[in-house]
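Welcome! Let's look at a few labels and ask what each one rests on.

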Amino acid sequence: DVYYKLAYKAYSDSNHVEAITQINKYMGKYPTGKYTNELTVYLANSYEKTGDMPQAIVWYRKSLEGPNTAFTEFAAVKVSKYLYNKGLYEEALPYYKRLESVSSDPSVIYNAQLGVMRSSFLNENYPDAVNYAEKILGSSQMNPSVRMEAEYSKAMGSFKLSDYDKAKTSLSWIEKNNTTIMGAEAKFTLAVIYFKEVNYAKAKIELSALYKRKPSYDFYVAKALILETRIFMQEDDLVQAEQKLKSVRDNYPFQDDGILAEADLLWDELMILKNQPKDVEPGKKPVIEVGDGN
């Protein structure tokens with residue numbers, strides 16, 4: 001009690017440097033003492049107040065190793081936000097989920113769910129990204145910018161999981177409500193889905209609409225031309241395929257974003273197809289063309 005009182009007095013007086021000293025003395029003597037959980041959070045907060053956030057997070061995380069306490073929500077907010085801002089999305093996920101489960105405050109729960117959605121998507125954990133996007137989309141606290149983000153998470157996550165029907169709904173909403181590059185990506189992804197479903201007519205309709213979008217984005221126009229090339233190759237219209245792909249190879253202005261590399265690989269495929277010997281139709285005599293001097 002004496003050690004605790006010295007530590008608590010320094011902390012309650014906002015003398016955080018002294019609090020760090022006194023709390024560490026307590027921890028050294030009573031690592032499993034009855035005040036350990038409380039003082040662990042006070043120590044974390046004292047490190048935060050003195051500007052040592054990495055050390056603060058060490059102690060906030062330590063306070064979350066045991067069962068839930070009165071300090072769990074506070075510590076989980078600190079840790080999840082810190083890890084997310086550091087780009088440590090996988091590490092942030094369990095703390096956001098802990099926060100969601102422990103809080104009774106609707107706004108805290110909403111922000112925790114938003115954190116899970118974002119962290120899951122950025123960590124390519126698409127099942128959780130879709131699941132939590134749907135939670136956000138069903139929330140009364142959602143605003144228009146967050147809706148766009150949630151629809152995108154649901155759309156692209158579902159696409160990655162090959163759940164195309166679910167993806168189409170959100171992609172259609174995005175492309176109708178977004179004129180930025182996100183809208184162009186959504187339109188292109190719809191075309192890709194129809195291509196994968198071997199519905200080339202609908203894929204072409206989506207690509208045609210993409211070409212007409214304003215503003216246009218070179219990257220997705222080029223991606224669309226490459227996809228259209230693939231469609232013509234599947235339809236055995238190699239002349240059209242060659243024209244589409246040549247326009248990308250001749251005119252695309254950037255060298256380092258993967259478009260030209262993709263176009264070159266597809267060009268090799270196309271040339272192999274184009275130079276394959278054609279089967280002679282039944283009932284027709286084969287004709288061999290001989291050039292001059294041969």
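Q: How do you know that helix H7 and helix H8 meet, and what is their crossing angle?
A: In this predicted model, the axes of H7 (residues 106–122) and H8 (residues 126–137) come within 8 Å and cross at roughly 150°. The crossing is left-handed. On the H7 side, the residues in contact include Tyr 110, Leu 114, Met 117 and Phe 121, and on the H8 side they include Tyr 126, Ala 129, Tyr 132 and Ile 136.

Q: What classes of residue make the contact of H7 with H8?
A: The contact has 10 nonpolar, 2 polar and 2 charged residues. Among them, Asp 128 and Lys 135 of H8 count as charged, because Asp and Lys belong to that class.

Q: Why is Thr 189 called buried?
A: Buried means under 20% relative accessible area. Thr 189 has 4%, so the label buried applies. Thr 189 is found in helix H11, and among residues more than four places away in sequence it touches Met 156, Phe 159 and Leu 171.

Q: What is the reach of helix H12, and what is expected?
A: H12 (residues 200–212) has 13 residues and reaches 19 Å from its first C-alpha to its last, close to the expected 18 Å.

Q: Which residues of H12 are buried, and why are they said to be on the same side?
A: They are Tyr 200, Ala 203, Glu 206, Leu 207 and Leu 210. Because they cover an arc of only 120° around the axis, they lie on the same side of H12. These buried residues pack against helix H11 (181–196) and helix H13 (218–234), while the face turned away from them carries the exposed residues Ala 201, Ile 205 and Lys 212.

Note on methods. Residues are numbered from 1 along each chain as its sequence is written. This is a predicted model: local features need pLDDT of at least 70, side-chain atom pairs count only at pLDDT 80 or more; totals for chains, interfaces and linings use all residues. Side-chain values use heavy atoms; hydrogens and water are left out. Axes are lines fitted to C-alpha atoms, for helices over the stretch in contact, and angles run from 0 to 180 degrees between N-to-C directions. Helices (H or I, at least four residues) and strands (E, at least two) are DSSP runs, numbered from the N terminus. A crossing is left-handed if the near helix is turned anticlockwise from the far one by less than a right angle, and right-handed if clockwise. Contact means heavy atoms within 4.5 Å. The expected span of a helix is 1.5 Å times one less than its number of residues. Buried means under 20% relative accessible area, exposed over 50%, partly exposed in between (1.4 Å probe, protein chains only). The arc is that of the directions from the helix axis to the C-beta atoms.
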